[in-house]
Amino acid sequence: MDGTRAHVFVSGKVQGVWYRDSTRRAARERGVDGWVRNLDDGRVEAVFEGREDAVESMVEWCHTGSDLARVEDVEVEYGDLQGEDGFSVRR
């Protein structure tokens with residue numbers, strides 16, 4: 001499959017504001033595979049895999065996130081597909 005992988009770290013008020021669940025819904029709507037989880041330092045980490053336009057759409061989505069979130073920064077690293085299947089919220 002052609003596509004790309006984005007490994008994203010989002011900082012700001014992004015925990016306890018439905019960010020992970022909203023990310024999962026947005027990814028599934030776009031047909032993007034991967035996962036999202038909270039980090040102990042208050043950031044959210046996510047991996048998106050899929051068509052380049054869909055992955056880019058998710059990266060852009062991360063800059064706003066859920067309605068209650070206040071995103072301050074989004075760091076992105078791009079790489080090769082690693083075969084994610086479906087989209088999950090990790091604990």
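This is a predicted model: local features need pLDDT of at least 70, side-chain atom pairs count only at pLDDT 80 or more; totals for chains, interfaces and linings use all residues.
Student: What joins strand β2 to strand β3, and in which sense do they run?

Tutor: Six bridges join β2 (residues 33-38) to β3 (residues 44-50), and the two run antiparallel. Strands pair if DSSP finds at least two bridges between them, so with six bridges β2 and β3 count as paired. Residues are numbered from 1 along each chain as its sequence is written, and side-chain values use heavy atoms, with hydrogens and water left out.

Student: What makes something a strand or a helix here?

Tutor: Both are DSSP runs numbered from the N terminus: helices are H or I with at least four residues, strands E with at least two. β5, for one, covers residues 87-89.

Student: How does β5 pair with β2, parallel or antiparallel?

Tutor: Parallel, over three bridges. Gly-34 stands opposite Phe-87 in β5, and Trp-35 opposite Ser-88.

Student: Why are β4 and β5 called edges?

Tutor: The open sheet has the order β4-β1-β3-β2-β5, with mixed pairing. β4 (70-79) and β5 each have a single partner strand, so one side of each is left without a neighbour in the sheet.

Student: Which term describes how α1 and α2 run relative to each other, and why?

Tutor: The axes of α1 (residues 19-30) and α2 (residues 52-62) come within 10 Å and cross at roughly 155°. Axes are lines fitted to C-alpha atoms, for helices over the stretch in contact, with angles from 0 to 180 degrees between N-to-C directions. Under 35 degrees is roughly parallel, over 145 roughly antiparallel, 65 to 115 roughly perpendicular, the rest oblique. At roughly 155°, α1 and α2 are therefore roughly antiparallel.

Student: Which residues of α2 make the contact with α1?

Tutor: Ala-54, Ser-57, Met-58, Trp-61 and Cys-62, where contact means heavy atoms within 4.5 Å. On the α1 side, Tyr-19 and Arg-30 are among them.

Student: What makes Glu-49 and Arg-5 a salt bridge?

Tutor: The term needs a side-chain nitrogen of Lys or Arg within 4 Å of a carboxyl oxygen of Asp or Glu. Glu-49 and Arg-5 meet at 2.5 Å, N to O, so the pair qualifies. Glu-49 is in β3 and Arg-5 in β1 (residues 4-13), 44 residues apart. The structure holds eight salt bridges.
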